[in-house]
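Welcome! Have a look at the chain, and then we can walk through some of its side chains together.

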Amino acid sequence: MYPFDPHHVRPLFPALSELVAGRQAVFFDAPGGTQVPQMVIEAISDYLTRRNANTHGAFLTSQRTDETLAAAHAAMADLLGCAPHETVFGANMTSLTFALSRALGRTWGPGDEIIVTRLDHDANVAPWRALEERGVTIREVDVDVEDCTLDMASFAALLSPRTRLVAVGYASNAVGTINDVATIIRQARQVGALSFVDAVHYAPHGPIDVQALDCDFLACSVYKFFGPHVGVLYGKAEHLERLQPYKVRPAANTSPERWMTGTQNHEGLAGTVAAVAYLASLAQPGAPNRRAALQAAMQTIQAYERTLSERLVSGLLQIPGLTFYGLREPERFATRTPTVSFRLEGYTPRAITEALAARGIFAWDGNYYALSLSERLGVEAHGGMVRIGLAHYHTIEEVEYLLAELKQLATTH
């Protein structure tokens, strides 16, 4: 690992030069989708210029498209630590999760149980709740409202021989909590249950190793780690071969092709290859292969983002009238991403984001689809929360600017 300087990568992101209110915009909306480097934009453009065709044809552009798909599978395999044929692409994580839940649900019914959590994005809740129409029972892990962490005792109490699957987020897209997914996966396996990990929010913030986790499935979205709008599903080969997805008859019966419904977003897959290449480029030279470079790069990102988190959280806690949700102790920041949510007395969350937007700071308000958490915290009926989400291209100076503007809002209301 080596010291990371965001100023070295910021010029690679054209969007970061956008001017609002006479200064460069501050894109603190990263959990909803990160900005992309120029190399991703060029890869998408190159595909549409030189490769634009459907697959498996006898002609040049179709062959180039086949090469693009193969490269995308290989790139995601290196990012996640699996085999290329264990990666599935789709429109987004939500669509892929619904497709998987339908395939799994074919064999489940009354007496079977699925465990979800109140900390998750609804894309890792609603697809499993859809199986209630087959008689499946949904159990929900509670959260500790004091620090927005999963109640692991609640989880252990819900596990039983009837549990068929545990669906858990790697990290909360609302408050940044990184869950102990390794323990959850291990305990699920002890009762014979499958594990599904939603890594959409975690993927841009830390290394992923599906082999070490031993999860059965894991999903993420490329647009959350500096690429285009493409969803990715990892599944153990044995499951992708065993399960029966819904598909059109002429589609291939081999995996992963039979899971990839219809024509894929080919230009998005070209951008996916470039996004992974960008991440690998952040590692120091000398890595033996792309997988090693990616692991090193993500560890570097993780270390740098922790410094941002420490300043952001400490500054927010000093603002009068601010209610902070989630982990706040620096010694626990290894278990959080640089994503925070809060409310400010005297303002609705929307009023805060509108005021920040006028100052060139882009932030989200609401529940960000983490509906169960927003309800559990008692804020859903009151506009939810304000979310600030950082990425490795952000700077301490941007954090200080945000804190100064929030302090002014707090003291002038």
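Where is H201 found? H201 sits in the loop between β10 and α8; helices (H or I, at least four residues) and strands (E, at least two) are DSSP runs, numbered from the N terminus.

## About the model

This is a predicted model, in which local features need pLDDT of at least 70, side-chain atom pairs count only at pLDDT 80 or more, and totals for chains, interfaces and linings use all residues. Residues are numbered from 1 along each chain as its sequence is written, and side-chain values use heavy atoms, with hydrogens and water left out.

## Around H201

With a relative accessibility of 6%, H201 counts as buried (buried means under 20% relative accessible area, exposed over 50%, partly exposed in between, with a 1.4 Å probe and protein chains only). Its side chain makes a polar contact of 3.2 Å with the side chain of T339. A polar contact is a pair of N or O atoms within 3.5 Å; within protein, one must be able to donate a hydrogen and the other to accept it, and residues adjacent in sequence count only if both atoms are side-chain atoms.

A polar atom of the H201 side chain also lies 3.5 Å from the backbone oxygen of S172. Leaving aside residues up to four places away in sequence, H201 touches P31, A171, S172, N173, G176, T337 and T339, where contact means heavy atoms within 4.5 Å.

## Around Q264

Q264 belongs to the loop between α9 (237-242) and α10 (266-281). Q264 is buried too, at 12% relative accessibility. The Q264 side chain reaches the backbone oxygen of T261 at 3.4 Å. Not counting residues up to four places away in sequence, Q264 touches F89, G90 and L269.

## Aromatic rings

How many aromatic pairs does a search of the whole structure find? The search finds nine. Rings of Phe, Tyr and Trp (its six-membered ring) pair if their centres lie within 6.5 Å; planes under 30 degrees apart count as stacked, over 60 as edge-to-face and the rest as tilted. F13 and Y278 form an edge-to-face pair, because their planes stand at 85°, with ring centres 5.4 Å apart. This pair links distant parts of the chain, 265 residues apart: F13 is in the loop between α1 (6-9) and β1 (19-20), and Y278 is in helix α10. F13 is buried at 1% relative accessibility, and Y278 is buried with a relative accessible area of 1%.

Y170 and Y202 make a stacked pair, 3.9 Å centre to centre and with 0° between the planes. Y170 lies in the loop between β9 (163-169) and α7 (181-190) and Y202 in the loop between β10 (194-198) and α8 (210-213), so the pair ties together parts 32 residues apart in sequence. Both Y170 and Y202 are buried. There is also one aromatic cluster formed by F13, F226, Y278 and Y393.

## Charges over rings

The charged end of R23 sits over the ring of Y401, 3.6 Å from its centre. A charge sits over a ring if NZ of Lys or CZ of Arg is within 6 Å of the ring centre and within 35 degrees of the ring normal. R106 lies over the face of Y246, 3.9 Å from the ring centre.

## Cysteines

The structure holds zero disulfides (a disulfide is a pair of cysteine sulfur atoms within 2.5 Å). For C215, the nearest cysteine sulfur is that of C82, 9.1 Å away. C215 is buried, with a relative accessible area of 0%.
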